[in-house]
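Please read the points with the model open.

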Amino acid sequence: MRRVVVKFHISRAGRLAGNGSFRAHLHYIQRDGVERDGKGGELYGREGETPSAPDFLERSEDDRHQFRIIVSPEDGVALGDLREHTRALMTQMERDLGARLDWVAVDHHNTGHPHTHIVVRGRDVRGKDLIIAPDYLKSGLRQRASDLVTERLGPRRDLEIARARHSEVQRDRLTAIDRAMLRDVEGGALAISGTASSEADRFDRNLRLQRLSHLEQLGLATQMEDGRWQMKPDWDRTLADMGRRNDVIATLAHRFGQKDGVERLTSFDPTRTAGGKLTGTVLAIFPDDELRDRRSIVVEDFDGRRRLVDLGEAEPGSIPPEGVVVEVGLRTAKARSSDRVIANIAEGTGGIYSERLHAEADPSSSATFRQAHVRRLEALRRGGLVERIQDGSWAIPNDYLEKALAFEADRAGGVSLKTLSWLTLEEQVTHRGVTWLDEGHGDKDGSRLRSVRQARIAWLREQGLLAPDANTLDAEAQGRLRQSEHAAVVARIAKQSGRQKLELQTGDTITGKYERAINLGSGRVAVIGNAKEFALVPWRPEIERHRGRELVVKRTAQGVSWTIGMSRQRGLSR
């Protein structure tokens, strides 16, 4: 059979964020650079239909979940146009499930392995909640995809299979051979049978021995006197990290050339970095897990050194674009209040939590409050941290809080990310506004930073904003720059849209859609507008979940807050 890799993830709408993650994922899979010609991905559906992302998201507005699927045929290049295969697969999936599905797809050709992203709504076309058995998503769908590719290209020949498997022996990444061996590891050791009953078994045994010899060279396996192999702790994770790093290096080499020192790329570890922080510009953004929206970025410091930074699961709007100035540091994970409540209840009930036990421990708690704790446990169960008992209660381990903290740290990549400037260093040189370069930062240095600082000073002097003998802007000059920048932005929006700007005073509100973000020298602002007027309010990543949706924005004495429908009020900034 032709091999096809199928991955899936069930994404659930957040209680406060709604389907903001759905919107962000759909935007991400259509991003620039995924087609053969470098353009953005083109959304498609069943034959004869031209789906619209806004329409699909509008239909998904009240969905509780969404199915995300990646289909990657090993022979994707030979298939050519993946649309025919995807449509045939989705037709077969509808037959298997007995339901007409509401789905869209995008083909990606930005890697060496063409693949398709499929998004299926959590409701069928009749509006009924769609439930798909995990076994079907794990194996049934892969078998269907394999059948279709085999039917189209014919079965693989024995020689093809042998070559494909043997090609994995020397790879510095986690391979199918490794995954098969991982299932046979007991107590950290792997035994290789001395005899083989068939030619296929002998071939498999030889493959494993050759692979183990390569892993020994990498320091990940050691042969013991009894013939077994001792595997280094977390050897599989180390291989996965090596593959990830190699993919990043290959991409950087393709974009920037081998002469740019991409081979010296190292992973950022705040515990081994002077001061625990890394400041520089975003060189590139990479997906670690496109289904769960895990991202990594490459940050280049001001002396040209490059670090790979794992950001974990990305919130919509939290990933800065390439070129901007960022600071990365250590994130200190904090226990959630819900985790403390669960641990306290379990401590008094012999390691068991349930809604009933919660109500007995805290009679004043509401059903909604208790259900939020159950949802938290469901998320941890999917991460393999807790178990649900048949009667619906939960077995809570003694180290529950430690596990929950580790879960949060892993989701966040263990690092904090702060965008210092949404403008690139080059853009800041001639920007008519107060920029990050103008704010001093004497503790930060580097050949590249010194160069752009001097260019910025020269430009400010040319514009008459800086005295010939001065190197920094005084308060008056900064005030004039901020005022002129703000006025220029307002005038441009007013001219383009024919609307008036509303200056929000304490107690004022505006009802309108969140249209877009605008990068200023000193930060970002969000544009909230309706047919007649618009307002500029401080931007925060959370608002990106609701791009295109109607908000009610209010200026209070404490700052600016916004409301979506009947949802909880959220603060933006002072």
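1. Start with helix α16, residues 475–497. The helix has 23 residues, and at 1.5 Å a residue it should span 33 Å. The expected span is 1.5 Å times one less than the number of residues. The end C-alpha atoms are 33 Å apart, so expectation and model agree. Helices (H or I, at least four residues) and strands (E, at least two) are DSSP runs, numbered from the N terminus.

2. A word on the basis. This is a predicted model, in which local features need pLDDT of at least 70 and side-chain atom pairs count only at pLDDT 80 or more, while totals for chains, interfaces and linings use all residues. Residues are numbered from 1 along each chain as its sequence is written, and side-chain values use heavy atoms, with hydrogens and water left out.

3. Which residues of α16 are buried? They are Ala-477, Gln-478, Leu-481, Glu-485, Val-489, Val-490 and Ile-493. Buried means under 20% relative accessible area, exposed over 50%, and partly exposed in between (1.4 Å probe, protein chains only). The cover over these residues includes α15 (447–462), β17 (500–501), β18 (509–520), β19 (523–529) and β20 (533–538). Contact here means heavy atoms within 4.5 Å. Just after α16, Gly-498 has a positive phi of about 70°.

4. Look next at the aromatic pairs; the structure holds two. In one of them, the rings of Trp-422 and Trp-539 have centres 5.2 Å apart and planes at 80°, so the pair is edge-to-face. Rings of Phe, Tyr and Trp (its six-membered ring) pair if their centres lie within 6.5 Å; planes under 30 degrees apart count as stacked, over 60 as edge-to-face and the rest as tilted. This pair links distant parts of the chain, 117 residues apart. Trp-422 is in strand β16 (residues 415–424), and Trp-539 is in the loop between β20 and β21 (550–556). Both Trp-422 and Trp-539 are buried.

5. How many salt bridges does a search of the whole structure find? It finds 42. A salt bridge is a side-chain nitrogen of Lys or Arg within 4 Å of a carboxyl oxygen of Asp or Glu. One of them joins Arg-2 and Glu-160 (3.4 Å, N to O). Arg-2 is in the segment before β1 (4–12) and Glu-160 in helix α6 (residues 158–166), 158 residues apart. Arg-2 is buried at 9% relative accessible area, whereas Glu-160 is partly exposed at 25%.

6. Glu-378 and Arg-388 form another bridge, with the closest N and O atoms 2.3 Å apart. Glu-378 lies in helix α12 (residues 367–382) and Arg-388 in strand β14 (residues 387–388), so the pair ties together parts ten residues apart in sequence. Glu-378 counts as buried at 18% relative accessibility; Arg-388 is partly exposed at 43%.

7. One network of salt bridges links Arg-59, Asp-63, Arg-64, Asp-102, Arg-121, Arg-123 and Asp-129.

8. Finally, check Asp-234, whose phi is near 60°, a positive value in a residue other than glycine. Most residues other than glycine have a negative phi. Asp-234 is in the loop between β7 (229–231) and α9 (235–256). It is exposed, with a relative accessible area of 54%.
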